[in-house]
Amino acid sequence: MTSTEKTYEGSCHCKSVKLSVTLPAPIEEQKVINCNCSLCVDRALLIFFAAGDKVTIEGEEHLNPYSFNKKVIHYHFCKNCGSILFGHDKDKTQYGINARCISGVDLDKLQLVKHDGASS
Ligand SMILES: [Zn+2]
């Protein structure tokens, strides 16, 4: 680990699914996507990206895959509580993780970037 790397833990609401992610810098220095597509609005997602090899998922058997629109991103929601903790591309090289599911994150300190997913 380099000195700026930081590891975050998160889970779905019922804690069946747990996630650990190591970011190159603290989450407050990352861009977090506030997207207006139908899924992000419906599930209140605030997404930040991480390399696939920096993400560890526990309890994957509790996940249900879900894709929509162009089906480029494979989202997963918990079969038990319905939380969407993350999505990834086809090859799992990049993960989009829901900042709201990460513990100890002050959402007011995040750098939110608006993304017009509804029009793409
Ligand atoms: Zn759950």
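Let's start at the metal: a zinc ion is held by the SG atoms of Cys12, Cys14, Cys78 and Cys81, which sit 2.2 to 2.4 Å from the ion. Keep in mind that this is a predicted model.

**The zinc site**
- The site is tetrahedral, and the angles among its four donor atoms run from 106 to 114 degrees.
- Along the sequence, the donor residues follow the spacing C-x1-C-x63-C-x2-C.
- Cys14 and Cys81 tie distant parts of the chain together, being 67 residues apart.
- Cys14 lies in the loop between β1 (6-11) and β2 (18-23), while Cys81 lies in the loop between β7 (74-78) and β8 (84-88).

**How open are those two cysteines?**
- Cys14 has 28% relative accessibility, so it counts as partly exposed.
- Cys81 is partly exposed too, because its relative accessible area is 29%.

**The nonpolar cores**
- The largest nonpolar core has 24 residues, and the ones touching the most other members are Leu19, Val21, Phe48, Val55, Ile57, Phe86 and Ile97.
- Two or more residues of this core come from each of β2, β4 (47-51), β5 (55-58), β8 and β9 (94-98).
- β2 gives the largest share, with three residues.
- Leaving aside residues up to four places away in sequence, Phe86 touches Leu19, Ile57, Leu63, His74, Tyr75, His76, Tyr95, Gly96 and Ile97.
- There's also a second, separate core of nine residues, including Ile33, Leu45, Ile47 and Tyr75.
- As a bit of background, nonpolar side chains tend to be buried together in soluble globular proteins.

How values were computed. Residues are numbered from 1 along each chain as its sequence is written. This is a predicted model: local features need pLDDT of at least 70, side-chain atom pairs count only at pLDDT 80 or more; totals for chains, interfaces and linings use all residues. Side-chain values use heavy atoms; hydrogens and water are left out. Donors are N, O and S atoms within 2.8 Å of the metal (3.2 Å for Na, K and Ca); water is not among the atoms, so sites may look incomplete. Four donors count as tetrahedral if all angles lie between 85 and 135 degrees; four count as square planar and six as octahedral if opposite donors are over 155 degrees apart and all others between 65 and 115; anything else is irregular. Helices (H or I, at least four residues) and strands (E, at least two) are DSSP runs, numbered from the N terminus. Buried means under 20% relative accessible area, exposed over 50%, partly exposed in between (1.4 Å probe, protein chains only). A nonpolar core is a set of buried Ala, Val, Leu, Ile, Met, Phe, Trp, Tyr and Cys residues joined through side-chain atoms within 4.5 Å. Contact means heavy atoms within 4.5 Å.
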